[in-house]
Structures are given as C-alpha cells and as structure tokens.
Amino acid sequence: MESSHHHHKRNQIFLGTFIHSVKLGELQYMHDTAVCVDKHGKIVAIEPQCDLSNVTEALCQKLSWDAHDLAITITKEGQFFFPGFIDTHIHAPQYPNVGIFGKSTLLDWLNKYTFPMEASLESLPKARRVYTSCVRRTLAHGTTTAAYYATIHVATTNLLADLCHAMGQRAFVGRVCMDSADVNPAYYRDESADESLSRTRASIAHIRNIDPSYALICPILTPRFAPSCTRDAMAQLGALRCSSGLPVQTHISENAAELALVKAMFPECGSYADVYDKYSLLGARTVLGHAIHLTDYEINLISERGAGVAHCPCSNSALTSGEAPVRRLLDAGVGVGLGTDVSGGYSASVLEAVRSAALVSNHRAMPMGKWAETPAEERERAKLSVEEVLHLATRGGAGVLGIADRVGGFEVGMEWDAQLVGLGLVDECPDECDMRDHGNVDVFGWEAWDERVAKWVFNGDDRNVKKVWVRGRLVHERK
Ligand SMILES: O=c1[nH]c(=O)c2nc[nH]c2[nH]1
C-alpha cells in the first residue's frame, strides 16, 4: 500500500474557469483564473483574472517554483473545475445491492437485502471485489471524500481503509457496531459490547498505522443505530468519542416503525435524539443519517450540540421513508451534507443526490397531501435551489465532517480536492451521425454560466467528470 508515496510529486497550476460555493445559495464563478497547488496538494495561491497565456512564469517566480518541473492543467471550452463532492453517508458493503429494494421499507429491507449482504462481506476476496468497485465508481462520479460504513468485520473494514488509501480517496471508515440481540440477526452481530469496542479499537489502530495523522483516512465511530446497540456499547463508544475526539456516524429518525422501536426500547429517553445525547454520542463531528421525522425539540438539541445531518434524498424516496426538513434544519443552524446512502439510495452518484435533494424539497412545497396544512410561505421556503444543493454537496458535507478548513471550496490553505467537469458543446452544424459521447448535457453556447450549472445538475452524470484529484493527486481520469 506504499505505492502512492512513490509518485514523483510536482507543483501544479490549474488554469481556466473555477466554480465553487461561497455560502449557502451563492456560487462564485472565477474565469481566467490560476490556482497553484504545491507538492503536498495544498492550494498556495489563487490569481484571478489573469492572462492565462503568460501567467505561469510570473507565478513560478512569485512562489520560487521550478517552471520546468510543473504540471499544468487548462480547462477547455465548456469545462470548469468544481470542488470534489463529499458523500457524508454511504455503506460500501451494500454497493452490490444498488437499485435492489423493491417495495420494502427500512426494517424489512435490512433483513431481506442488507444484513445478508453485509454478513457475506466477511470474505476478503469478496470484500476486495466489492470495495474496489465501490471506491472506483464513487471516484468516477467525483466523490473525493466519503464517510463509509463498512461491516462488523475488522479485517475487511481495514481492507476498505487500505483501498481508499491506495486509490487516493479521502475517507472516513467506520467498523459498524451492532451488539444488540433485539434487531440484529444472530448471524450478523457483535457478541457483546466489549467485543464491539475491542473490534472498533482494532480497526482504529489499523487506520492509525497506515495514516498516522489521518491526513487521508480517518476512523469514525459507527454505532449502526440505537436499536442495534446495547446501552453498554453506546456508553463505551461515547466515552471513546470524548477521549479520542473521533467523529461519529449513525442513523436517526428515518422511518415510522423504527421510531416506534426506539420508543419501546429506550422508554427512559424522551426522544430518539436524547438516546444519542444520553450516551455522549451527540456533538461536533457527529453525522446523523436521514433525520427525517425529528421534533422541534430534537432539532434544537442537535443544533445545540453542534451535530450535523447527512441528508439522503434518494434513499428516503426509495425506501418510502419521507422528506427531511432540510430548510428547518438549516434555519435552526444545523449543518447539513448530502449522502448517497448506498444502497438504501439507488445510486453511488452525489450528483444524483444533489438533484434529488432539489426535487424532494419541492415536494414539501406542494399545497396538498402531507404538507397541505403548512403555511404557504413556509412551504415555498422549503424549496432548495441549485446553488443551495451544490453547497450541501461540498461545503455542507465538509462542515458536518469537521474538515471545512481543508476541503469544500477553492481557497488558499485548502487542499486540492477537485473535479474537472466537461459539458458537451453542440457543434454549429451538428452531423446527425456524430456518435462521439459527450454525455447527457448539450450546451449550445448561449447559456449563462448559472444556466450551464443548472443543466449539469439536472442532466449530468459521470461522463461529465473528466478528471478527479484528491490532495493534488490525480485519482480518476476519463479516457
Ligand atoms: O438507510 C439505512 N441503511 C442502513 O443500513 C441502516 N441501518 C440502520 N438504519 C439504516 N438505515
């Protein structure tokens, strides 16, 4: 797994058009811009509005760089650099099941599709095959950071960390803790709370061994969800969180049957969020998946504790779970990122989650059905714009994972986690037999940049992701 360290690392200059979110709802378009990235993958200079034909020499002089040992990447017509996507919630072992959910809902879906697949990922050869394809696929969709749930197995969880490290994807890798005998099947659970904790520690030790400073791969404490965990395991994980400062990921308030289960299993707690709070699992760098049916009390508690939400609109639609109150979360000051939630979600693409987040938010604005009683202004406010959902996919996700100072935008001091996006420019005189595959987005040339971005969001796919970098390293290229 040492190969990545042997690349000859060069300083790099990226030239052309850069688009990123500067705040919720506002994209910045930087044209004729140069972004300088040093050998460590850090952005060291950004030069706006320059003459791209002769700026590199001046930049090299300014940075004391050798102009002959430099990699230069220039955007072509119709291309732009965008920050890499951040998937705040994805189950790597469920990747073979994408699209397979039928009409199931959460609890029967877990038993029918998910637990059997996850249990089978104890096999190292099978895990290697599944995890390699999952990391390769998400990189091809422009995912530069992923918060992964693995399985209960230490060896294959560690393999997932190794593969992310070798393939260059920034990742949070969590060994899944599930020691309760109530919900978890006998064939797939930790034997005890102590076993759950010692296995978790073993996986953390492995990650610390391959990446001592957690520069690329970071462990994440992963109690699956309250019904899967004993009080003992949650208390020990909470103590570990407090002593280690490691991030936490879990699920909350996804589905009606799950809510009833939590109420029955934890009658001493006033709410689902209170369960996690009681065991010190709710705080900064806690990523709560789904968060659909929260009460105002819970939203305020989550906000006070500084925990964040992984919004998973594809999954919430596929498993008939509901429409998360994203605007209310944002208004309450809760950080929100996007998650594909493979394979509750049917796609490994964050861009798919981006457009789904926009569409699902519109459902909350419809003046009928479930939201008919909601005041008209509040319904209208529920809608998320293209600019807002792209913010969630980049800066929002970085925020909930506690890495907003390192990734999510193009700023000096941040790391170069980026994708080169190319849209298909339609020829002046298109040949009806032209079979070149430019992807699903046709740009005619008269569109403003915000219109091009909207066309990308609603019709783009991995064919538009030409190159992907993490910490300056090229980790995917579309041939
Ligand atoms: O969408 C989900 N996927 C899961 O794997 C899971 N486990 C508990 N709750 C869950 N929700």
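Which residues in α3 meet which residues in α4? The structure examined here is a predicted model, in which local features need pLDDT of at least 70, side-chain atom pairs count only at pLDDT 80 or more, and totals for chains, interfaces and linings use all residues. Residues are numbered from 1 along each chain as its sequence is written.

On the α3 side, the residues are L124, A127, R128, Y131, T132, V135, R136 and L139. They meet A155, T156, L159, L160, L163, C164 and M167 in α4. Contact requires C-beta atoms, placed from the backbone, to lie within 7 Å. Helices (H or I, at least four residues) and strands (E, at least two) are DSSP runs, numbered from the N terminus. By class, the contact of α3 with α4 has 11 nonpolar, two polar and two charged residues. Here Ala, Val, Leu, Ile, Met, Phe, Trp, Tyr, Cys and Pro count as nonpolar, Asp, Glu, Lys and Arg as charged, and the others, Gly among them, as polar.

Two packed helices are described by the angle between their axes and the distance between the axes. Axes are lines fitted to C-alpha atoms, for helices over the stretch in contact, and angles run from 0 to 180 degrees between N-to-C directions. Helix α3 (residues 124-140) packs on α4 at about 35°, with the axes 10 Å apart. This crossing is right-handed; the term applies if the near helix is turned clockwise from the far one by less than a right angle, and left-handed if anticlockwise.

Helix α4 (residues 154-167) also packs against helix α5 (residues 193-210). The angle is about 25° and the axes are 10 Å apart. The two helices are therefore roughly parallel to each other (angles under 35 degrees; over 145 is roughly antiparallel, 65 to 115 roughly perpendicular and the rest oblique). The crossing of α4 and α5 is right-handed. From α4, the contact is made by V154, T157, N158, A161, D162 and H165. From α5 come R199, A202, S203, H206, I207 and I210. Five nonpolar, five polar and two charged residues form this contact.

Helix α5 in turn crosses helix α6 (residues 231-244) at roughly 30°, and the axes come within 8 Å. This crossing, too, is right-handed. A193, S196 and L197 in α5 meet D232, A233 and Q236 in α6. The classes are three nonpolar, two polar and one charged.

The protein is divided into domain 1 (3-83 + 415-477) and domain 2 (85-401), with bounds from an automatic or database domain assignment. Their centres, taken over C-alpha atoms, are separated by 30 Å. The contact takes 25 residues from domain 1 and 25 residues from domain 2. On the domain 1 side, α15 gives the most, with four residues. That side has 11 nonpolar, eight polar and six charged residues.

Two backbone features lie in loops. A cis peptide bond joins V342 and S343, with omega about 0°. S343 lies between β15 (335-338) and α12 (350-363). R285 is not a glycine, yet has a positive phi of about 70°. R285 is found in the loop between α8 (272-278) and β13 (286-290).

Terms used. Two residues are in contact if their C-beta atoms, placed from the backbone, lie within 7 Å.
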